[in-house]
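Visitor: I should like to go through this model with you, element by element and contact by contact. Please begin with the terms.

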Amino acid sequence: MPGFSFVIGHLQADRLETRLKAVNLVGDIIALPGSSTSEAFQPTFSEFLKRLTDRDFGVRMSVLEHVKNCLLSNPSRAEAPQIICESNDIHSQIFMFYHIC
């Protein structure tokens, strides 16, 4: 779907303001009760989760907040394993960084 590729471009944008708006848009969509990511939305959802490693702290925190709300609204949603796996990868990287430094 063309609209989703447009959002992916915004999630990857160089401008912080643009990325943050896209993260908030996708985050609001996935946190809606009863929502699930369709096959057409999956690339957008994956790019959204990649923002967990964004260079800006505010973007990373926004993704975490939306992911938390998403899982709280429906812990057994089909995307839960993907969300948890991405989050665990990030937490492992952070843990290693702070224990090495």
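Guide: Helices (H or I, at least four residues) and strands (E, at least two) are DSSP runs, numbered from the N terminus. The model is a predicted one: local features need pLDDT of at least 70 and side-chain atom pairs count only at pLDDT 80 or more, while totals for chains, interfaces and linings use all residues. Residues are numbered from 1 along each chain as its sequence is written, and side-chain values use heavy atoms, with hydrogens and water left out.

Visitor: How many helices and strands does the secondary structure of the protein chain come to?

Guide: From the N terminus on, the elements run α-α-α-α-α. The secondary structure therefore comes, by the DSSP runs, to a simple tally. That tally is zero strands and five helices.

Visitor: What percentage of the residues in the protein chain count as buried?

Guide: Buried means under 20% relative accessible area, exposed over 50%, and partly exposed in between (1.4 Å probe, protein chains only). The protein chain has 101 residues, and the buried share is 35%.

Visitor: How far apart are the end C-alpha atoms of helix 2, and what span should its residues give?

Guide: The expected span of a helix is 1.5 Å times one less than its number of residues. Helix 2 covers residues 16-30, which is 15 residues, so it should span 21 Å; the distance between its end C-alpha atoms agrees, at 21 Å.

Visitor: Which residues of helix 2 are buried, and what arc do they cover around the axis?

Guide: The buried residues of helix 2 are Thr18, Arg19, Ala22, Val23, Val26, Gly27 and Ile30. They lie on the same side of helix 2, because the arc they cover around the axis is only 160 degrees. The arc is that of the directions from the helix axis to the C-beta atoms. The value asked for is thus 160 degrees.

Visitor: Is arginine 19 buried or exposed, and which residues does it contact?

Guide: Arginine 19 is placed in helix 2 and has a relative accessible area of 2%, which means that it is buried. Contact means heavy atoms within 4.5 Å. Leaving aside neighbours within four places in sequence, arginine 19 is in contact with His10, Leu11, Gln12, Ala13, Asp14, Arg51, Asp54, Arg55, Asp56 and Val59.

Visitor: What is the N to O distance in the salt bridge of glutamate 47 and arginine 51?

Guide: A salt bridge is a side-chain nitrogen of Lys or Arg within 4 Å of a carboxyl oxygen of Asp or Glu. Glutamate 47 is buried at 6% relative accessible area, and arginine 51 is buried at 14%. Their side chains meet in a salt bridge with an N to O distance of 2.8 Å.

Visitor: Where do lysine 68 and glutamate 65 lie, and which residues do salt bridges with shared partners join into one network?

Guide: Lysine 68 forms a salt bridge with glutamate 65, with the closest N and O atoms 3.2 Å apart. Both residues lie in helix 4 (residues 57-73), three residues apart, about one turn of the helix. Salt bridges that share partners form one network of Arg19, Glu47, Lys50, Arg51 and Asp54.
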